[in-house]
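Subject: Structure for your review, with notes

Dear colleague,

Please find the structure below, followed by my notes on what was found in it. I would be glad if you could read the two side by side.

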Amino acid sequence: MSRFSPFVAMFIAVAIFALDTLTTFDMAIAVLYVTVVLLALSFATKKNLLAIGAGCMGLTLLSFAVSHGEDPTSDATARCFVSLSAIGITTFLAYQVKTGIAILRESEQRYRTIFLATGVAILEMDFTLVKAAVHQLKSQGFADIRAVAAKDPSFASKAIAMMKLTKVNNTALTTFSAKDFNTLKAALPTLIGEDMEGAIWALLEAIWDGRPVYESETMMNDVNGDRIAILYNVAMPADRPLLDTVLVSIVDVTARRQAENELHAAHTELAHVTRIATLGELTVSIAHEVNQPLAAIVTNGGAGLRWLKRSAPDLGEVETAMQRMIADAGRASEVIKRLRTLSSKTTPQAAPVNLSEIAAESIALVQREITSHKISLRTELARKLPLVIGDRIQLQQVIINLILNAIQAMADPAVATRTLLIATRRAGDAVQLNVRDSGTGFAATKAAHLFDAFYTTKADGMGMGLSICRSIVTAHGGRISAHSEPGNGASFEFTIPLQEEPVS
């Protein structure tokens, strides 16, 4: 129709002019020119629209001059004025409408350009059926989406089938390896795996609660069946209560997750190397810890043989000697077990652990170092310390490293009193371990760099110990810090948050 609109408008204008000029009807025929102006909205520019309005007003004046120029009556003049006013007002309003249409069209074009070219995958979806289904469940008396899940676990799958894909951008097609919109639309139900069911229920809860935004991270399939990690945001505008237009923006974070996994693997490897290096520093202490029970076994074994070789063997003494041998063998076995655990190269295993128990085990491994450096050890390990979720080996590594640093800090001959305090306690919603020494301490300017990689105050240090400690504590959701007054020792402490639910 817009193709022929200019000709139709011209024909109507000519017809109105002829009717207004050649007839003597007692009415404002020129008012009909507003139809010409309104019809011009479909084809004229804003500038041409003003020209058409002015032309219609000109035709009105020309018709008036031809019909009533010699003797204009007051009624005819009034009808002309009404017609001119109507045409002028209509032209002004049409101009405003045209301006609004131009702005809207420009906005739509901008949106379309952004929609198609942005680097974020965007899916425009229609959730009308899902919204209606949720509304129906509410009317049936369900209190929340959890009640729905308990009553009808398959509702999530039904909801997925109700979600209609209406539009996608180029990035979405690339993200899901789809050649076109129809391919992606047909494959959409298969892209949502079983492990995404929890995310779907969470989205349904957001719809149930009327929240405008929901975001999460999950795994999906692409059209070829490959797994991709995505971070997605579902925008449900408040001005579209039926949810007939919902925007789902998706960011493919597969490469980022892979890089994080590789970084985590490298960190685990570095932590293992650091543990081995720490064990190397403890070679003398370890040898002493193992040789001590072995020597006792030899001594008790010799005593047992002597009791057996007597003319009247004393079986009671022999039994006592054998019991001591078994106990000493257990001690040696326990030391070796701890060493094997600490030196093992395994993936970190999160489990409920008691920080006081780990501290006691760590102290046992460095006891020889404490004794040889003539250090007075004081422990304040809380007996009923709440459990935390953590990796036993990694936390033991942190504690041993802090203890060895404290021992080395007190190795200076200028340190008259060598006291080491190791304490655990509950601190709010976390448990805390503190290692405090009476060494030389450190300056405040160094405190900010103590946990930086490759920063060290030792002549032969690598500068990795405390950095690894911070990484381990941070990975457990905790924090580590250091405090000192030069000449009055140093205090290192770290906290690990409590597990959310008690372990049975």
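A residue is called buried when its relative accessible area is under 20%, exposed when it is over 50%, and partly exposed in between, with a 1.4 Å probe and protein chains only. Please keep in mind that this is a predicted model, in which local features need pLDDT of at least 70 and side-chain atom pairs count only at pLDDT 80 or more, whereas totals for chains, interfaces and linings use all residues. Residues are numbered from 1 along each chain as its sequence is written, and side-chain values use heavy atoms, with hydrogens and water left out.

To begin with the chain as a whole, its secondary structure comes to 18 helices and 12 strands, these being DSSP runs numbered from the N terminus (helices H or I with at least four residues, strands E with at least two). Of its 504 residues, 37% count as buried, and the accessible surface comes to about 28,300 Å², with 59% of that belonging to carbon and sulfur atoms; the areas come from the Shrake-Rupley method with a 1.4 Å probe, and for residues only the protein chains shown count as cover. Taking a contact to mean heavy atoms within 4.5 Å, residues 24 or more positions apart account for 69% of the contacts in the chain with a separation of 6 or more.

Thr 218, in strand E3 (residues 213-221), counts as buried because its relative accessibility is 10%. Leaving aside neighbours within four places in sequence, Thr 218 is in contact with Asp 195, Met 196, Ile 228, Ala 229, Ile 230 and Tyr 232.

Next comes a pair of helices. The axes of helix H7 (residues 155-162) and helix H10 (residues 197-209) come within 10 Å and cross at roughly 75 degrees, which means that H7 is roughly perpendicular to H10. Here the axes are lines fitted to C-alpha atoms, for helices over the stretch in contact, with angles running from 0 to 180 degrees between N-to-C directions; angles under 35 degrees count as roughly parallel, over 145 as roughly antiparallel, 65 to 115 as roughly perpendicular and the rest as oblique. From H7, Phe 155, Ala 156, Ala 159 and Ile 160 meet Glu 197, Ile 200, Trp 201 and Leu 204 of H10.

Rings of Phe, Tyr and Trp (its six-membered ring) pair if their centres lie within 6.5 Å, and planes under 30 degrees apart count as stacked, over 60 as edge-to-face and the rest as tilted; by this rule the count comes to two aromatic pairs. One of them is the tilted pair of Phe 155 and Trp 201, at 6.4 Å centre to centre and with 40 degrees between the planes. Since Phe 155 lies in helix H7 and Trp 201 in helix H10, the pair ties together parts that are 46 residues apart in sequence, and both residues are buried.

Cys 469, in helix H18 (residues 465-475), is buried as well, because its relative accessibility is 2%. Its C-alpha atom is separated by 7.8 Å from that of Asn 401, 68 residues apart along the chain, and, not counting residues up to four places away in sequence, Cys 469 touches Val 398, Asn 401 and Ile 480.

Finally, two loop residues deserve a look. Ser 177 has a positive phi of about 55 degrees although it is not a glycine; it is found in the loop between helix H8 (170-175) and helix H9 (181-191) and is partly exposed, with a relative accessible area of 35%. Lys 374, also other than glycine, has a positive phi near 55 degrees, is found in the loop between helix H15 (367-372) and strand E7 (376-381), and is exposed, with a relative accessible area of 71%.
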